Amino acid sequence: MTPLISPSMLAADFLHLEKDVRMVNEHADLFHLDVMDGRFVPNISYGFPVIEAMAKIAEKPLDIHLMIQHPQVYLERFCKIPHAGLVSFHLDATRDDPESVLGIISNNGVKAGLAINPNIPVEKLYPYLDVCDFVVIMSVFAGFGGQSFIEDTYERVATIRQEIDRRGLDTMIEVDGGVSPKNSAKLVECGADILVAGSAVFKSENPAATVAAMRG
Ligand code: DX5
Ligand code: ZN
């Protein structure tokens, strides 16, 4: 299977954002947009003004990854950004029933995703697999770009892939953090559908070639 490649704009050149948005338009499949609130994760990234600016020239769907507490407060607004295609939040970021929070995203015509950090067993996602469009298996702890890939991600992806297939679902698996051409093929082999990569793409000499290498 050919994976979708979702470059993380956190690693883009913010002084020349347009150049990097056009690279994704031309060579990749999705825009991965990391929203951090300094509460759910110990870092703050960017929010509406920056994402809306990118959306103006984006020709690929936005894959918005919310690392914020109480995401339900902002979901409608994120879903209404032009080209919003996928929106995910973390299972442990909401005190509401995750199913109802996923419903807010789906009701806005956007694909709904549930994310988990590496210390949360993948089995915690099982009750929601038939009500979400995709799951985000973090291969680093959410909060910062440029971290090293955690090796037991392969096993986690394979485990949840088995469960999705066993139940005949079409829930997609996104892997996020430290993904590069070094681990992309094995992740796809284990069952990943969407690969997020920030540093590996934008810090490489040739981002387009790196995207192509990860597609396999
Ligand atoms: C981490 C973010 C990731 C990050 C990926 O909290 O969710 O999307 O930007 O960046 P790299 O590929 O550099 O690990
Ligand atoms: Zn992310």
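The following conversation goes through some terms used for this predicted model and the values behind them.

Visitor: What makes the arrangement around the zinc ion (ligand 2) octahedral?

Guide: There are six donor atoms around the zinc ion (ligand 2), and they subtend angles of 72 to 172°. Six donors count as octahedral if opposite donors are over 155 degrees apart and all others lie between 65 and 115, and the arrangement here is therefore called octahedral. As a point of reference, ideal angles for six octahedral donors are 90 or 180 degrees.

Visitor: Which protein residues are the donors of the zinc ion (ligand 2), and how are they spaced in sequence?

Guide: The protein donors are His32 through NE2, Asp34 through OD, His65 through ND1 and Asp176 through OD, and they lie 2.0 to 2.2 Å from the zinc ion. Along the chain, the donor residues follow the spacing H-x1-D-x30-H-x110-D.

Visitor: Why can histidine 32 and aspartate 176 be said to tie parts of the chain together?

Guide: Histidine 32 belongs to strand 2 and aspartate 176 to strand 7 (residues 172–176), so the pair links parts that are 144 residues apart in sequence. Both histidine 32 and aspartate 176 are buried, a word that stands for under 20% relative accessible area.

Visitor: Why is histidine 70 called partly exposed?

Guide: The relative accessible area of histidine 70 is 28%. Since buried means under 20% and exposed means over 50%, with partly exposed in between, histidine 70 counts as partly exposed. Histidine 70 sits in the loop between strand 3 and helix 3 (75–79), where this residue, although not a glycine, has a positive phi of about 50°.

Visitor: What makes up the lining of the largest pocket?

Guide: The largest pocket holds about 310 Å³ of space, and 24 residues line it, with Phe144, Gly145, Gly146, Gly177 and Gly178 nearest its centre. By class, this lining has 12 nonpolar, 10 polar and two charged residues; Gly is counted as polar.

Note on methods: Residues numbered from 1 in each chain as written. Chains lettered and ligands numbered in written order. Predicted model: local features only at pLDDT ≥ 70, side-chain atom pairs only at ≥ 80, totals over all residues. Heavy atoms only, no water. 1 Å grid on protein atoms, 1.4 Å probe; cavity = no way out; pocket = protein on both sides within 12 Å on 5 of 7 lines; lining within 4 Å. Points joined across faces, edges and corners; volume = space filled by probe spheres on them. Donors = N, O, S within 2.8 Å, 3.2 Å for Na, K, Ca; no water. Tetrahedral: all angles 85-135°; square planar, octahedral: opposite > 155°, others 65-115°. Helix = DSSP H or I, 4+ residues; strand = E, 2+ residues; numbered from the N terminus. Buried < 20%, exposed > 50% of the residue type's maximum accessible area, 1.4 Å probe, protein only.
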